[in-house]
Amino acid sequence: MKNAILSSVALATVMAGAASAETVRVYNWSDYIDESLLEKFEQETGIELVYDVFDSNEVLETKMLAGGSGYDVVVPSGTFLQRQITAGAFQPLDTSKLPNLENMWDVVSSRTEQYDPDNAHSINYMWGTTGIGVNLGKVKEALGEDAPVDSWSLVFDPANMEKLADCGVHFLDAPAEMIPAALNYIGEDPNSHDPDVIAKAEDVFMPVRPYIQKFHSSEYINALANGDVCVAVGWSGDILQARDRADEAGNGVEIAYNAPSEGAQMWFDQMAIPVDAPNPEGAHKFLNFIMDAENMAAASNYVYYANGNKASQEHLVEDVIGDPAIYPSEAALNNLFTTTPYPPKVQRVVTRLWTKIKSGT
Amino acid sequence: MRRFALIAVPYLWLLALFLVPFLIVFKISLSDTALAIPPYTPTIKDGISALIAELDFENFTFLASDDLYWKAYLSSLRIALISTILTLIVGYPIAYGMARAPEEWRATLMMLVILPFWTSFLIRVYAWMGILSNEGLLNQLLMWTGVVAEPLQILNTNTAVYIGIVYTYLPFMILPIYAALDRLDESLNEAAEDLGCSRMQAFWLVTIPLSRNGIVAGSFLVFIPALGEFVIPSLLGGSGTLMIGKVLWEEFFNNRDWPVASAVAVILLLILIIPIILFQRNQQKQAEAEQ
């Protein structure tokens with residue numbers, strides 16, 4: 001459904017911009033922008049915008065490493081960005097073309113430097129946490145009033161999962177987020193690169209595996225909103241979007257998001273320009289457009305993710321800036337952890353373990 | 001000389017569209033992964049001698065050492081085989097009905113079989129997701145009629161994969177069987193009945209054997225693509241659905257390991273060559289018989 005909407009927007013933008021010669025091609029996560037911003041960009045700059053979407057860092061990386069993707073702006077998350085910078089996939093930003101850089105928020109940019117030293121190749125678009133979305137009514141029905149909706153034990157304790165299996169549980173199909181979450185749950189270092197420690201995640205997933213309906217990284221938004229599933233491990237803003245869609249549909253489904261109290265992963269989605277971008281000039285214009293305080297606020301107000309733009313905060317609606325699930329308090333921020341990319345040999349161990357967890361072999 | 005040119009055309013076609021891509025995939029399957037663009041090493045840029053020196057069969061020994069891949073190949077074979085049989089069971093009566101229908105209806109019936117192809121395959125599979133989900137049309141109907149009290153879990157299971165494959169490939173089964181049955185001489189059945197066969201016996205002893213070529217052709221047309229199917233298991237299947245097309249996709253996109261993904265593809269092709277050769281031979285025999 002959302003793809004249909006997006007492609008119709010893309011089509012409309014193609015038609016609207018047919019007269020101008022210049023094109024910027026953007027490849028962003030699905031459900032991740034207020035689409036009216038796309039039109040606004042075209043009107044302001046006269047550049048035709050082609051907007052495509054993906055739902056996994058891995059798919060994006062495959063396209064980046066194949067080369068010749070044809071995109072001018074892409075949005076990898078921190079650890080993936082770091083790998084792709086190493087592979088030589090991105091060009092350094094020309095800061096003279098990005099006057100709006102002054103709007104950025106040091107709290108975020110100091111954290112993204114660990115992936116992109118000096119933030120030389122990327123700007124922060126949004127950031128968030130990986131946590132648990134629940135259909136409150138169904139979960140309480142299955143587990144009682146004091147269901148541990150703010151704890152990883154909700155999804156990693158087989159006793160809970162057995163009762164939740166009937167109403168449907170989705171996990172993200174993203175090993176780089178799920179395995180750190182499992183390690184964190186059993187008290188190991190979530191950022192461990194030691195294969196023996198990583199192997200311990202298997203003991204967390206295997207007992208709950210039979211109760212997981214699907215590993216998928218975008219279906220859960222609709223599935224939660226429609227009441228098809230009652231629990232989803234997912235990204236903060238996606239689950240809040242599901243909450244909103246359920247409210248709009250008025251189907252009695254009440255969704256809540258929690259970054260679990262044991263600790264949750266904090267991630268950063270960064271906009272960067274591929275080394276072989278056909279229109280780097282236009283790409284810089286797009287980045288500068290996005291860093292405009294009002295534009296960035298419009299995007300966050302629409303998708304319920306926090307952004308790395310300090311100046312945008314005065315334009316954010318109370319629902320967003322005032323919601324600790326989106327903008328956590330200082331204390332809650334300290335409870336979040338970040339990860340670094342796996343070296344290739346460890347990556348192999350991680351992906352094999354993930355295949356084993358997903359398929360049972 | 002002219003004859004040579006005539007033969008050369010199909011061979012050039014085969015060379016350009018099959019052999020060259022295969023050799024590229026085969027070459028990548030002998031490489032190692034690298035964090036670079038493209039993500040494997042060595043590449044042509046390293047020079048021919050370095051290229052040859054660094055290639056090895058490591059990825060194939062890796063596939064053999066990990067039981068995941070054999071289980072996936074076997075599971076794909078099983079799913080492809082069962083879906084082929086199911087498609088035959090559903091498709092044969094439809095083809096039979098079409099062939100026995102009055103002459104003036106046949107074009108319309110044929111049209112109805114082909115009509116779904118006018119919609120994108122992906123959209124049709126998405127439609128099945130809407131039909132089969134817990135809150136979907138099928139479950140709502142079953143609960144409304146009181147057949148079941150709780151919604152049946154169909155989506156994200158192997159059952160949904162079978163439904164998807166049978167639905168998608170049904171026309172490939174119906175059309176060759178219909179072609180065989182259409183040509184069948186009605187008087188042969190009458191002769192069989194005159195000679196003492198019941199209608200049922202005449203069907204089994206005359207109609208089925210004479211439509212054998214259509215059954216074989218239809219079965220291969222379903223089995224071969226179903227074996228490497230990726231879209232249906234990934235959209236309709238669950239975490240327990242193990243199919244080699246999905247494993248290949250995951251090697252390529254999730255693990256970003258092009259060499260291992262290529263090795264999986266090379267072996268899949270080797271497995272497919274047997275049914276493809278059998279299919280070719282069947283087609284050839286049929287052509288000869290008609291001459």
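**Notebook: the two domains of chain B**

I started with spacing: the C-alpha centres of domain 1 of chain B and domain 2 of chain B lie 33 Å apart. I'm working from a predicted model here. For the bounds, I looked up the domain assignment, which gives residues 1-56 as domain 1 of chain B and 65-290 as domain 2 of chain B. Their contact draws on eleven residues from domain 1 of chain B and nine residues from domain 2 of chain B.

Next I checked the area. Domain 1 of chain B and domain 2 of chain B bury about 820 Å² between them, and 87% of that is on carbon and sulfur atoms. How many salt bridges are there between domain 1 of chain B and domain 2 of chain B? I got zero. For residue pairs in polar contact between these domains, with both at pLDDT 80 or more, my count was also zero.

Then I asked which elements supply the side of domain 1 of chain B that touches domain 2 of chain B. Helix H1 (2-29) and strand E1 (32-33) of chain B each give at least two residues. H1(B) has the largest share, six residues. I sorted the residues of that side as well: seven nonpolar, three polar and one charged.

Last, I turned to the record. The unreviewed UniProt entry annotates "transmembrane region" at several spans of chain B, including 12-30 and 107-129. In the model, residues 12-30 of chain B are 95% helix and 0% strand, with end C-alpha atoms 26 Å apart. For residues 107-129 of chain B I noted 74% helix, 0% strand and 31 Å between the end C-alpha atoms.

How values were computed. Residues are numbered from 1 along each chain as its sequence is written. Chains are lettered from A and ligands numbered from 1 in the order in which they are written. This is a predicted model: local features need pLDDT of at least 70, side-chain atom pairs count only at pLDDT 80 or more; totals for chains, interfaces and linings use all residues. Side-chain values use heavy atoms; hydrogens and water are left out. UniProt positions are given in the numbering used here, feature names are shortened, and annotations may be inferred rather than shown by experiment. Helices (H or I, at least four residues) and strands (E, at least two) are DSSP runs, numbered from the N terminus. Domain bounds come from an automatic or database domain assignment. Contact means heavy atoms within 4.5 Å. Buried area is the accessible area (1.4 Å probe) that two parts lose on being put together, summed over both. A salt bridge is a side-chain nitrogen of Lys or Arg within 4 Å of a carboxyl oxygen of Asp or Glu. A polar contact is a pair of N or O atoms within 3.5 Å; within protein, one must be able to donate a hydrogen and the other to accept it, and residues adjacent in sequence count only if both atoms are side-chain atoms. Ala, Val, Leu, Ile, Met, Phe, Trp, Tyr, Cys and Pro count as nonpolar, Asp, Glu, Lys and Arg as charged, and the others, Gly among them, as polar.
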